[in-house]
Amino acid sequence: MPTYDVAIIGGGIVGLATAYRLTEQYSDTSVVILEKEDRVAAHQTSHNSGVIHSGIFYEPGSLKAENCRTGKRALIDFCEREGVDYEMCGKVVVATDESEVPELERIEAKGRQNQVDCTRIGPERLHELEPHVRGVAGLRVPAAGIVDYEAVAKALATRVKEQGHSVRTGAAVRDLHVTPSHVTIETPTGAVQARHTVNCAGLYADRIAAMSGQDLNTKIVPFRGEYYELVPERRSLCQRLVYPVPDPAFPFLGVHFTPTVDGRLECGPTAVLAFAREGYGLTDIDWAELREILTYPGFQKLSARHWQKGLRELLQSMSKRIYLRAARNLIPEVQLDDFTAPWAGVRAQALRRDGTLVDDFLIRETDRVVNVINAASPAATSALNIGALIVENHLADRLSDLQASAAVPDEG
């Protein structure tokens with residue numbers, strides 16, 4: 001059985017960034033990444049809008065706010081070193097009527113506390129910046145952009161492998177056995193032993209955490225986000241990211257318009273319950289997983305509070321015409337025929353038993369396992385800093401002890 005100092009479960013951008021930071025700081029540490037699919041970045045990393053977030057929406061002092069700001073700079077530096085395409089196109093957050101202005105003001109205040117460059121603008125300036133966008137007020141945020149996160153993840157994997165470490169695909173975790181000295185991880189490709197393990201399993205992070213003995217009060221609930229690509233001749237509808245003022249009671253940012261680094265324009269996402277943890281389509285159903293969600297007390301309490309919002313999102317998902325209405329709140333001239341090539345991502349959202357959504361990154365640990373339980377947006381933007389945080393706050397003492405033990409001469 002191969003033995004490593006650290007095993008990282010999950011080959012998405014957070015797991016890969018953690019491995020990258022770990023091997024950067026502790027070059028003598030042996031690392032293996034275990035990814036259940038046949039490639040890295042197969043799920044959340046490659047199924048999102050590709051936005052480089054500014055940090056304007058997050059609560060000051062939260063892990064999201066702190067890691068987004070620092071992680072964004074690290075991401076841009078990495079892209080420039082590695083030749084990964086990105087563009088700092090900027091963003092406007094748009095109040096479409098007067099009722100949304102107070103929330104826009106709160107977002108502006110958060111942005112300033114989070115040291116995000118943002119400028120309040122009126123309808124005239126909004127029209128100058130984005131002639132097709134309708135609104136009564138807005139926030140201009142220059143420090144937002146777009147990137148190919150799958151390309152970032154592949155570059156991270158390449159760097160980790162170049163340092164002599166292993167990335168094993170097709171290695172779904174079937175079980176964990178934790179002892180006082182190591183963790184044995186059972187996979188279809190054989191068992192792996194590690195002195196320490198980091199769980200970055202995304203949509204299955206709660207299950208891996210439970211295997212590790214972590215006492216959880218949360219469950220991962222999958223929310224499907226559906227996007228439409230617009231026909232090429234409508235790419236000129238906006239030059240920047242165009243966001244609505246989000247509902248403060250819901251941790252989703254609403255349907256928005258996103259240019260992409262390869263020259264396309266996308267609209268989305270919705271936020272509806274997925275009927276499987278990897279349920280990318282409306283008809284993708286895993287009955288056991290769906291039953292687990294529907295019988296979870298936290299989901300029942302959430303549904304009781306937000307059933308009207310959930311129903312609107314579901315109808316929007318099922319009807320292209322209803323989806324169009326949400327898009328027209330921002331860009332009135334968009335037409336039904338402008339939408340083509342729908343696609344979806346699934347967000348791993350941690351939900352507490354009391355029905356409250358976990359609105360920050362959530363990292364917990366046992367003696368041998370560090371569990372990254374909630375790493376939803378802006379985790380991709382923040383990934384390199386999240387990786388550094390895991391190494392510095394959760395692994396440094398453990399790895400120092402390993403190095404100290406290795407330095408002690410064998411008395412035999």
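Six aromatic pairs turn up in this structure, where rings of Phe, Tyr and Trp (its six-membered ring) pair if their centres lie within 6.5 Å, and planes under 30 degrees apart count as stacked, over 60 as edge-to-face and the rest as tilted. Take Tyr20 and Phe78: their ring centres are 5.4 Å apart and their planes sit at 80 degrees, so this pair is edge-to-face. It ties together distant parts of the chain, with Tyr20 in helix 1 and Phe78 in helix 2 (residues 63–82), 58 residues apart. Helices here are DSSP runs of H or I with at least four residues, strands are E runs of at least two, and both are numbered from the N terminus.

A word on the model before going further. It is predicted, so local features need pLDDT of at least 70 and side-chain atom pairs count only at pLDDT 80 or more, while totals for chains, interfaces and linings use all residues. Residues are numbered from 1 along each chain as its sequence is written, and side-chain values use heavy atoms, with hydrogens and water left out.

Back to that first pair. Tyr20 has 11% relative accessibility and so counts as buried, and Phe78 is buried too, at 0%. (Buried means under 20% relative accessible area, exposed over 50%, partly exposed in between, using a 1.4 Å probe and protein chains only.) Now look at Tyr227 and Trp343, with centres 4.3 Å apart and planes at 5 degrees, so the pair is stacked. This is another link between distant parts of the chain: Tyr227 belongs to strand 13 (residues 218–230) and Trp343 to strand 18 (residues 339–352), 116 residues apart. Tyr227 is buried at 7% relative accessibility, whereas Trp343, at 23%, is partly exposed. Elsewhere, Tyr228, Tyr323 and Phe339 form one aromatic cluster.

Some rings have a charge over them, meaning that NZ of Lys or CZ of Arg is within 6 Å of the ring centre and within 35 degrees of the ring normal. Lys91 lies over the face of Tyr243, 4.7 Å from the ring centre, and Lys219 lies over that of Tyr296, at 5.4 Å.

Strand 1 (residues 3–9) and strand 2 pair in parallel over four bridges; pairing takes at least two DSSP bridges between two strands. Ile9 is found opposite Leu34 of strand 2. Strand 2 also pairs in parallel with strand 9 (residues 166–168), over three bridges, and there the bridge partner of Leu34 is Arg168. What about the faces of strand 2 (residues 31–34)? Both are covered, with Val31 and Ile33 buried on one side and Val32 and Leu34 buried on the other.

A separate stop is the open sheet of three strands, ordered 3-8-4 with antiparallel pairing. Its edges are strand 3 (51–52) and strand 4 (86–87), each pairing on one side only. Strand 3 meets strand 8 (residues 145–147) through two bridges, and Val51 has Ile146 as its bridge partner in strand 8.

Finish at helix 8 (residues 297–318), which bends by about 80 degrees at His306, the bend being the angle between axes fitted to the seven residues ending there and the seven starting there.
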